[in-house]
Amino acid sequence: MTDTEILRRLAETIAARKQAGAADSSYVASLFAKGQDAVLKKVAEEAAETLLASKDGDKLQIVRETADLWFHSLVLLAWHGLGPDDVLAELRRREGISGIDEKAARK
């Protein structure tokens with residue numbers, strides 16, 4: 001199984017839990033039931049925990065917190081009807097473009 005397949009499978013599971021709707025049926029369903037602010041709060045929390053793990057230099061904790069951040073980012077994408085393929089397409093579009101040039105083109 002490729003890395004992108006893992007992301008897609010996880011995104012499919014998140015989408016299914018979003019559709020399930022029963023807040024007591026899964027963690028993801030409970031996040032969706034609480035609304036967008038709860039999803040945003042989790043993304044911010046996981047981003048902060050990733051930064052703190054980086055400051056501590058604990059590589060295993062950095063990986064674990066990044067996994068949590070990626071997971072909650074997938075939940076955020078699902079909230080908006082998006083998925084990992086949308087982000088991967090944007091990364092492909094940016095490949096080979098200078099970061100300075102890409103950022104300037106957004107204005």
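A polar contact is a pair of N or O atoms within 3.5 Å; within protein, one atom must be able to donate a hydrogen and the other to accept it, and residues adjacent in sequence count only if both atoms are side-chain atoms. The model is predicted, so local features need pLDDT of at least 70 and side-chain atom pairs count only at pLDDT 80 or more, while totals for chains, interfaces and linings use all residues. Residues are numbered from 1 along each chain as its sequence is written, and side-chain values use heavy atoms, leaving out hydrogens and water.

**Exercise 1. Describe the surroundings of T50.**

Step 1. T50 is placed in helix 3; helices (H or I, at least four residues) are DSSP runs numbered from the N terminus.

Step 2. T50 counts as buried, at 13% relative accessibility. Buried means under 20% relative accessible area, exposed over 50%, and partly exposed in between (1.4 Å probe, protein chains only).

Step 3. A polar atom of the T50 side chain lies 3.2 Å from the backbone oxygen of E65. The T50 side chain also reaches the backbone oxygen of E46, at 2.8 Å.

Step 4. With neighbours within four places in sequence left aside, T50 is in contact (heavy atoms within 4.5 Å) with E65, T66 and L69.

**Exercise 2. Find which residue forms a salt bridge with R8, and locate both partners.**

Step 1. A salt bridge is a side-chain nitrogen of Lys or Arg within 4 Å of a carboxyl oxygen of Asp or Glu. Side chains of opposite charge can pair when their charged atoms come close.

Step 2. The partner of R8 is D85, with the closest N and O atoms 2.7 Å apart. R8 belongs to helix 1 (residues 3-20) and D85 to helix 5 (residues 84-94), so the pair ties together parts 77 residues apart in sequence.

Step 3. R8 is partly exposed, with a relative accessible area of 35%, and D85 is partly exposed at 36%.

**Exercise 3. Describe the salt bridges K42 to E46 and E90 to R93.**

Step 1. K42 and E46 meet at 3.4 Å, N to O. Both lie in helix 3 (residues 36-56), four residues apart, about one turn of the helix. K42 is buried at 16% relative accessible area, as is E46 at 4%.

Step 2. In the pair E90 and R93, the closest N and O atoms are 2.6 Å apart. These residues are three apart in helix 5, about one helical turn. E90 is partly exposed at 27%, and R93 is partly exposed at 44%.

Step 3. Salt bridges with shared partners join K42, E45 and E46 into one network. The search of the whole structure finds five salt bridges.

Terms used:
Helix = DSSP H or I, 4+ residues; strand = E, 2+ residues; numbered from the N terminus.
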